Structures are given as structure tokens and as C-alpha cells.
Amino acid sequence: MSTRFVGLAGMLLLAAPALLPAQGTGTVSGRVTRASDGNPVSGVSVTVQSTRATTVTGNDGRYTLERVPAGQQTLTFRWPGYQPKEAQVTVTAGGTVTADAVLEMQAVLLSEVIVSTASRAPERVVDAPAAISIVDIPAVQAAAMTGQVPRALAAVPGVDLVQNGVTDFNVNARGFNTTLNRRVLVLQDGRDLAVAFLGAQEWGANLGGLEEAGRIEMVRGPGSALYGANAFSGVMSVTTPTAREAKGTKVSLSGGELSTFRGDVSHAGVLGAGRFGYKLNAGYSQSDTWSRSRTNLNDLADEYREATDTTIGPTASFEIRALNGQTKPGGAGVPGEATGDRDPIQNLYGTGRFDYYAANGAVTTIEGGATQVQNELFVTGIGRVQVTKAIRPWTRVAWAHPNYNVMAWYSGRRSLEPQYSLNSGLALEEKSGIFHGEAQYNRSFMQDQATIVLGASARNYQVNTQLTLMDAADDDRSDSYYSGYGQAEYHVVPQVRLVAAARYDESNLFEGQFSPKGAIVVSPTDEHSVRFTVNRAFQTPNYSEFFLRVPAGAPANFSALEAGLRASPLGPALAGVPNGTLFTVSAAVPIWARGNPALDVEKVTAYELGYKGQLGRRVFVTVDGFFNRLTDFVTDLLPAPQVNSQYVPWTSPTQVPPQFRPALEQAVRDQLNAAGQTLAANALTRLADGSTAIVVSYGNAGKVDEKGVEIGASIAVTDEIRLGGNYTFFDFTVKDSLTGDVLIPNAPRHKGTLEASYRGVQGLELGVRARFVDSYAWNTGVFAGPVPASQTLDANASYRINNCVRVNLIATHVLDQQRHQMWGGSIIGRRVLGGVTATF
């Protein structure tokens, strides 16, 4: 059904331009130069205001816009760091008109920047009814060069950026981070980048297309009223350019520390008198990793010795499996030092895009691609998992019109070779896909005094783990989501705008969820606004939390426990129980981690007060305060009888006389507790088939209040030099929690960033960023421990040799301060890369 839906949507999108009225068109061409020296400027965005049709200037500064509607038209020329310029032209049907532009350097007026994520419609950033930040182009380019796109968010107020290894990141906002975090919805051109089974992002597998990212917007705070499930703490939206906005060929090569090599090539062009556009992109990257095998009893202590003041002694736990490329001596139950060279992390990707440009500004897009990942490592609640080889295919079809957007997309994941749990050594498989269709309508009326946005979507998840992560009753499944949403805005007076939004989500996996939002935005002038927002959001459990079924450890040997009970005064009561079977197989009691299909969604109700303002022409300031109430957390893995109604405490075998059973069951718990096996005492259960097991599972519990303040500022000291910084304060109070469940935010109380950049006329760009993060405690799944304070310094430099060639240098963690950013994560060190980019 989902495949037919996507196919039908694709045919409708292709047919849509033919349904629109035709009109005469002409061509606009010209040349853009710099006022300071008269040299041509490449990469300038040239837009027809009436249709939003856009192209960019080439290396010679020239551009051509074809199929521009006949009549009076206004063109806008934009280039970061330069004053936007408008030009009026009269286009004649079948004719060509020239419009040149001369750009003057000036500090960017951030209050005039247009965003679209907060309201699903274009608006000035100062008017947006949410805390929203725009990542500047140099930061995006620098992050793309490292293959670490989340690093572009390092200077955004309120964002927690936690790194593990080279490619594994957790992006979160406003506390309660986790391993495999999914509280921030991540979109690329409207397509959800999450993995179906875990619901989190696999950043190393999302390189295809992100190399060409033209814009990143980050909305902080709940966003379910417009975006639905998992827009719990924010929305990160990545927009890539259309084919005509990226005309030409670009080749990028880079390399450096960690034996890193990256190569990326893209080519885009237009055909058919500007009616059609195409864009192709391919790349390959390879790098060593900071991750280390932990197959010996003191490996974690050795790895963390320079990163923390906390003394970590040898433990009784170790990973059974070494990293790919290395071997561990002895059997699975024997610790030993891993030997050999780690296999490098490798990523191979390719994408293709085809656009049709209608004369009225509508764009029809068909695109797709795939990324193959090898040897990346990520941290989960049950330990570290290494991906041996997997592929992430995707496709998207869309029709974008100034008032309509229709889209359908598919995103999949398939294990080409098993991924392995390093703790247990188990081979894990996944074959999954997400099918999504969505339509949206927006328009303004009453002379732009009111605006509405209406939309609906349908989504289908298909997940098959080949019985490696779920049992036969739950595996190879198909689940559906349906939603409808809307937003209305009304200017009571020109300075006061009311915003109301709501969304309803329905699924066979959870009860229907209603997510409302209300806001008032007061703008005493065009450069200043104050807003108050109230909204509600939710996060769904992932498939692991719903349906997990994996061993959580080696079987427990309760033979000695049974022998002690038989020698106790309760011994006669066990006369009818065959020796060695008190716990079914007392010498090997299985330990299971199992999901809970009855889980509810996590919920947050948020209250926000914010200010955005342009102070003069050189200072832009944002201040946002929030108070959130979070409820119904999905717990860590806890004793199943405490959190999952499918499981009950262990009961005596039927051969035990009824009058002795309570005493025997209490004696079992007492002796396990006395032996320090508290988890086993509480998690011992009798399964539905009558056998004994130790089972841990998930539940819903807890209520937390959190509050914080986020301050950001950008100062254009001169037209070439910009300073920026931010500070975030965060605090929380646990109002209610379940015994054994530790509710902590996994986030610092204080953090901040200072940065400076220089963008010169001659093509020299310099940047430096210092990030300060307070120490904090980390507790997620099997990993619990302190994360030390860190002070990191990143720097980048870029020089345009000519209009075609640019050389780049970027250094992350320049001071080489050895730090882990989550307990259980890898130690992150310095990485220096150099590269060259050629465009022609």
C-alpha cells in the first residue's frame, strides 16, 4: 500500500505543472561585480520575487534566469556579507533583458534573514514565534569538510552537542539528552533522517546531499504542533540548493590527521531553455577513529585516565568482541587485550536530482541516493554497537509552489553485513524502511493581515530484524501514522500578531496525540520583537523500547543458591522439585532485555518568553527563557516486574506445597540481596511458558520541571570582522521518579561559546571558536559516570586563490584536550584537515 502511495504521489507531482495556467515568458541575464574593485562575484543568489525562481552567478559573475513571466519583475541579489540589492526589469515574452548589479560589503542585518522552519512558511527571523537560529554558510562548509555536519551547530545557544568517535553525534536542546538521542527532529528538505528501528540519526550515513547543504535552521523548543512525533526539544532543518542554484562543477579533496581522506564531486546544470535542471553528487571518505576496543578488564580505565579525575579501577565487565580488524585472545568469557589494526571508518555515497521549473515559480523535484557505511561505532543503552557494513537508500519526489507543497519520500536501511553488539558479541540485522506522504497549503489574505497553513501526512514504517532484535510475534512488522495539522496567524494591529497551531497524530503503536501551540508576538518596530509561547509536544518510544528481545548478559548460575535452599529449613518443601530445576535450569538462568508494547509517549508542556532584536546595524541579540514540564519518561532498563505488567515476580514451582511458597520466594529474594545481586532479586520472573528468567524492561515514570535561559549575540565590528557568543543556563527539579530509575538531564548547568570571524574582499576567511562546557553526570542504560568540564578551541581558514580555486584548513579541538562527552563514549582529540575546492 505504501509503495503504491508513493508512486501515485510521484505521478501527481509530475502532472501538477501541466494543470497550472501558462503565460508568456522571457529571459533575464546579467553580471554581478564588487563595488570595491569591480571584480566579478561568484555564488551570488539571484531571485525573481514574484515566483521565487533562483539561480546563482558563475565564476565570471554572470547569471541567466530563463522562463521569467512577462511583465514588470523585481530581482533580488544576495551574497553573505554584502548589502542585498534589488533591480526592476520589464520582461517581454520571448525576449531577453539585462540586469547587472554592483554589491557593496556591509555587516549582515540578521533581522532581515528569512526562515521557514518555525511556521512552515517564509518569515523574517525576528518575527518567528520560536527560538530559532540560522547557521552561517562558512560554518556549514567547514562542518561538511570534516564529515561532521552536527558540528555546524556548535555556536547555537541551548544546543547540546555530544560526540562519540568520528561520526557518532547526539544533537539535543534543553536537557535530558540520551545515547541515540531523538528529541530533536532532523529534516533534510523535509525528509526525516532518522533510522526506523532506533528513531535516532546515523550521521555517518547522511553525508549524501549534506555535503551540498546550503542552509541549516535550528528551532529550539517543542515543535510537535507542526511537525508531530519526536519534535520534542527542537527541529533541525537542512535545506539543499536546487540544480539551478548550484550550476557548474565542484570538486573537493581533503585529508589530514587520523589518516583522513575525503573526496567529493558534484555537477549541476540546466536544460531546455531553463525548464529542467539536474544535479549529481558523489563522494568517498575514510578515517581512523578515536574509539578503542575494551576487551580487557582495565581497558576503560586506561582509555579514560587522561580524561577524568575520577579513578576507575579494573571492573568485572568487558566487551566480548573487539573492534573490526582486531582480535581478542581466549573465549567469549575470558578478558584479553585486543591486537591488530582497527579497520577504518568508510563512507561511500551518491545522489542525483532532477528539477522541473514552471513559469509561475513551482518546482517539481525527483531525487534519490544511497550511502554505504562501514565500521562506524555508536553507543546504545545496552552497550556499544559496531556497524560492519550497511546501506541507506532514499528517494524523494516533491512539488513546491509558493502556496502548495506536496511531497513523498522513502528512507531505508539494510545491513549488508551484520552489526555487532560488542558487549554480547551477538550479530544484529536490520532491514527497514519509512514511507511518507505529505501535502501542505498556505496562503495570506486580508491584505496579509492573516495567514493560514494547513497540512496532512501519512507514514508507514516497515521493520525486520530477522529475529536478532525482536521475536517472531513482533518482527517483520508494518506500522502506520496519520496526522493533520494547521496554523493560523492574525495581526490584531501591525505590531501584534497572534499565532495558534495544532496537530493530531494517530498510530497503531500509541494512542492519538493532540499537540497545541499558542503564541503572541509583539513587534514595536521592524527590528525588535518579544514573544510568549505555550505548546505541547511528545516523543514516541522507538522499536527497541517497544519490542526488544535480546540477551542482557551471560546466563546466571543459581546452582549454589538452590543448594543452600535445599540445606535450609525449607529443604523438605523442595522434595518434589528435581535437583537443579528450582529455577528451571538453575545452572543457566537466562538474562533478557525485553521491550514493553504498552509504553506511552513521553510528553512535554513548555512555556517560553523570548526577545530578538537588531541594535543598530551591527548588533543582533536573542534572549530566550523557558520552563518545561516533562512527564512519562521511558525508563532505563529496570526489573521487568516493576515496570512491565507482562511480567510478575518469580513464583515457586508447582511441586512446592502452597503453604511454603511465600516463604521460599522471600528466601530467594533475601539471599540474592545478601549476595549483592539486587537486580537479580528484583528482576527474577517466571515467564508465560513457565520457565525462569531474569528480565529487565522499560516502563513509563517520572515528572521533571526544567528551566533555563539562552542568550546569543552577534556583533559586526566592521564589514569584514564579526564577533559572536552565547551563554546557556539550565536547571531541573525531579518531581516524581520510580525507584531505581535515575532521572538526570545528561547536560551541563552552564555552557557557552565565543567566536570571531573575518571575511575579506580578497577571498580570505578566518574563524575561531571557543566552547566552554561545565561538568555533568551521565546516566543512560549501562553507562553511568561523570563527564568532566571541557574547553575546546576550533579554527578554520580559507583562501580563494582565484574565482575557481579555494584552499581550506580546519582544526577541531586544537588544544587536544582529551575528553569524553558521554560516559561510555570515546575520547575525542585534535583533528587537523586541509583541503582544496575547485569550481568551474
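# A guided tour of the predicted model

Begin by selecting strand β2 (residues 45-48) together with strand β5 (residues 71-78): the two run antiparallel and are joined by four bridges. Strands here are DSSP E runs of at least two residues, helices are H or I runs of at least four, and both are numbered from the N terminus. Within this pair, Thr47 stands opposite Thr76 of β5. The model is a predicted one, in which local features need pLDDT of at least 70, side-chain atom pairs count only at pLDDT 80 or more, and totals for chains, interfaces and linings use all residues. Residues are numbered from 1 along each chain as its sequence is written, and side-chain values use heavy atoms, with hydrogens and water left out.

**The open sheet**

Now extend the selection to β3 and β6. What is the order of the strands in this open sheet of four? The order is β3-β2-β5-β6, with antiparallel pairing; two strands count as paired if DSSP finds at least two bridges between them. β3 (54-56) and β6 (85-91) are the edge strands, each pairing on one side only. On average, neighbouring strands of this sheet are turned by 25° against each other, direction ignored; the axes are lines fitted to C-alpha atoms, for helices over the stretch in contact, and angles run from 0 to 180 degrees between N-to-C directions.

**Strand β17 and its partners**

Next, select β17 (residues 234-239). Five of the six residues of this strand are buried, where buried means under 20% relative accessible area, exposed means over 50%, and partly exposed lies in between (1.4 Å probe, protein chains only). Strand β14 (residues 184-188) runs parallel to β17 and is joined to it by five bridges; Gln188 has Val238 as its bridge partner in β17. Strand β16, by contrast, runs antiparallel to β17, with six bridges between them. Met218 stands opposite Met236 in β17.

**Salt bridges**

Stay with β16 and display Arg220 with Glu710. These two form a salt bridge whose closest N and O atoms are 2.8 Å apart; the term requires a side-chain nitrogen of Lys or Arg within 4 Å of a carboxyl oxygen of Asp or Glu. Glu710 lies in strand β40 (residues 700-716) and Arg220 in strand β16 (residues 215-220), so the pair ties together parts that are 490 residues apart in sequence. Glu710 is buried at a relative accessible area of 1%, and Arg220 is buried at 2%.

Move to Arg497 and Glu489, where the closest N and O atoms of the salt bridge are 2.6 Å apart. Both residues are buried.

Then select Asp731 and Arg749, a salt bridge with its closest N and O atoms 3.2 Å apart. Asp731 is in strand β41 (residues 721-736) and Arg749 is in the loop between β41 and β42 (750-759), so this pair ties together parts that are 18 residues apart in sequence.

Select helix α6 (residues 559-566), in which Leu561, Glu562 and Leu565 are buried. Seen down the helix axis, these buried residues fall within an arc of 100°, so they line one face of α6; the arc is that of the directions from the axis to the C-beta atoms. Helix α8 (661-674) is included in what covers the buried residues of α6.

Which residues have the most contacts inside the largest nonpolar core? They are Phe558, Leu565, Phe583, Leu664, Val668, Leu684 and Ile694, in a core of 59 residues. Such a core is a set of buried Ala, Val, Leu, Ile, Met, Phe, Trp, Tyr and Cys residues joined through side-chain atoms within 4.5 Å. Centre the view on Ile694: leaving aside neighbours within four places in sequence, its contacts include Ala556, Phe558, Trp592 and Leu684, a contact being heavy atoms within 4.5 Å.

**Two loop positions**

Ser586 is found in the loop between α6 and β34 (589-594) and is buried, with a relative accessible area of 1%. Beyond its neighbours within four places in sequence, Ser586 contacts residues including Phe558, Glu562 and Thr581.

Finish at Pro657, in the loop between α7 (640-643) and α8. Pro657 is partly exposed at 26% relative accessibility. Its C-alpha atom is separated by 6.5 Å from that of Ala573, 84 residues apart along the chain.
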